[in-house]
Amino acid sequence: MRDHAETARRFLELHQPGRPLLLPNPWDQGSARLLAWLGFEALATTSSGFAATLGRLDGSVTRSEALSHAAAVVAATDLPVSADLENGFADDPDGVAETMPLALQAGLAGCSVEDASGRRDDPIYDARLAAERVRAAAEAAHRGPVHLVLTARAENFLHGRPDLGDTIARLQAYQEAGADVLYAPGLRRLEDIRQLVASVDRPVNVLAVSGAPPVAELAAAGVSRVSVGGAFAFAAVGAVVEAATELRDAGTYGFSDRAGAGRDAARAAFGS
């Protein structure tokens, strides 16, 4: 228990404004070990990347599956691991709170809970309910000897609601509800990110997506963490599609050079 508490404490300490924690998202044990070998200081699971390993789309994984996957990633390295737990796998605050002890049992140092409902007709929870859900999660996450680092996510920009004012208001409410880290995936404009950072008193995570500012600019804006979501997982899927298409259509083996580099990396990472 002491080791677990220390790992969670260390994870939170890695969030330094101006020195953002680069938090890559492995999708299985092998990618976790590879990223640890590359020198990253912490890891986070990706709901979309994990779902892809099961041949499914994001949002189709059960709580049990997500937590079993998270425990496997935790076991793969000695690094702190945070888990993407989607909406906490419940609509009501009590249901979200029930997920937190299970996250601790999986050995996680942190987890995220989002305010996306998963419903097409009403994709974002009402602001008051969303804050209540974060409050219930925070109380459960912080109740015991291990301070599970809770990231609260405002999902407006991923669901066709690019309302910066509402997004900031939500994250301020989540801060007051006890969240340790705040996250609005989909923000790309540096001025919006600066405004968010200046409006809250918790570490801010930014998603590395096309069009987002580079890490150096995010650091200057006071960002504390940069994650990649499912991007690494789908980059790997894209490489397989490219290689398979070459073999099918051209009958050539240009992919062998990249495969050789990957094999060498795997030997180095997995042999250590």
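Trainee: Which side chain does the side chain of Asn156 make a polar contact with?

Mentor: Look for a pair of N or O atoms within 3.5 Å. In this predicted model, the side chain of Asn156 pairs up that way with the side chain of Thr167, at 3.1 Å.

Trainee: Where is Asn156 found, and is Asn156 buried or exposed?

Mentor: Asn156 is in the loop between β5 (149-153) and α7 (164-176). For burial, go by relative accessible area: under 20% is buried. Asn156 has 1%, so it counts as buried. Leaving out neighbours within four places in sequence, Asn156 is in contact with Ile124, Arg161, Pro162, Asp163, Asp166, Thr167 and Arg170.

Trainee: Now the charged pairs. How many salt bridges does the count come to?

Mentor: You want a Lys or Arg side-chain nitrogen within 4 Å of an Asp or Glu carboxyl oxygen. The count comes to 14 salt bridges. One of them joins Glu155 to Arg153, with the closest N and O atoms 2.8 Å apart. Glu155 is buried, at 2% relative accessibility, and Arg153 is buried too, at 11%. Both belong to a salt-bridge network that also takes in Asp84 and Glu114.

Trainee: What about Arg258 and Glu242: are they buried or exposed?

Mentor: Both are exposed. They form a salt bridge with closest N and O atoms 3.9 Å apart. Arg258 sits in helix α11 (residues 255-271) and Glu242 in helix α10, so this bridge ties together parts 16 residues apart in sequence. Then try Asp249 and Arg248, whose side chains meet in a salt bridge at 2.7 Å, N to O. Asp249 is exposed at 54% relative accessibility, and Arg248 is exposed at 63%.

Trainee: Okay, rings next. How many aromatic pairs does the structure hold?

Mentor: One. To read its geometry, check the angle between the ring planes: over 60 degrees means edge-to-face. The rings of Tyr253 and Phe255 have planes at 85° and centres 6.5 Å apart, so they are edge-to-face. Tyr253 is exposed, at 57%, while Phe255 is partly exposed, at 27%.

Trainee: And which residues form a nonpolar patch on the surface?

Mentor: Phe234, Val237 and Val241, which together have about 250 Å² of accessible area. Val241 belongs to helix α10 (residues 231-249).

Trainee: How far apart are Ala236 and Gly49 in sequence and in space?

Mentor: Compare the two separations: 187 residues along the sequence, but 10.0 Å in space, C-alpha to C-alpha.

Methods
Residues are numbered from 1 along each chain as its sequence is written. This is a predicted model: local features need pLDDT of at least 70, side-chain atom pairs count only at pLDDT 80 or more; totals for chains, interfaces and linings use all residues. Side-chain values use heavy atoms; hydrogens and water are left out. Helices (H or I, at least four residues) and strands (E, at least two) are DSSP runs, numbered from the N terminus. Buried means under 20% relative accessible area, exposed over 50%, partly exposed in between (1.4 Å probe, protein chains only). A polar contact is a pair of N or O atoms within 3.5 Å; within protein, one must be able to donate a hydrogen and the other to accept it, and residues adjacent in sequence count only if both atoms are side-chain atoms. Contact means heavy atoms within 4.5 Å. Patches are made of residues with over 30% relative accessible area and no salt bridge: like charges are joined within 9 Å, nonpolar side chains (Val, Leu, Ile, Met, Phe, Trp, Tyr) within 5 Å. Accessible areas come from the Shrake-Rupley method with a 1.4 Å probe; for residues, only the protein chains shown count as cover. Rings of Phe, Tyr and Trp (its six-membered ring) pair if their centres lie within 6.5 Å; planes under 30 degrees apart count as stacked, over 60 as edge-to-face and the rest as tilted.
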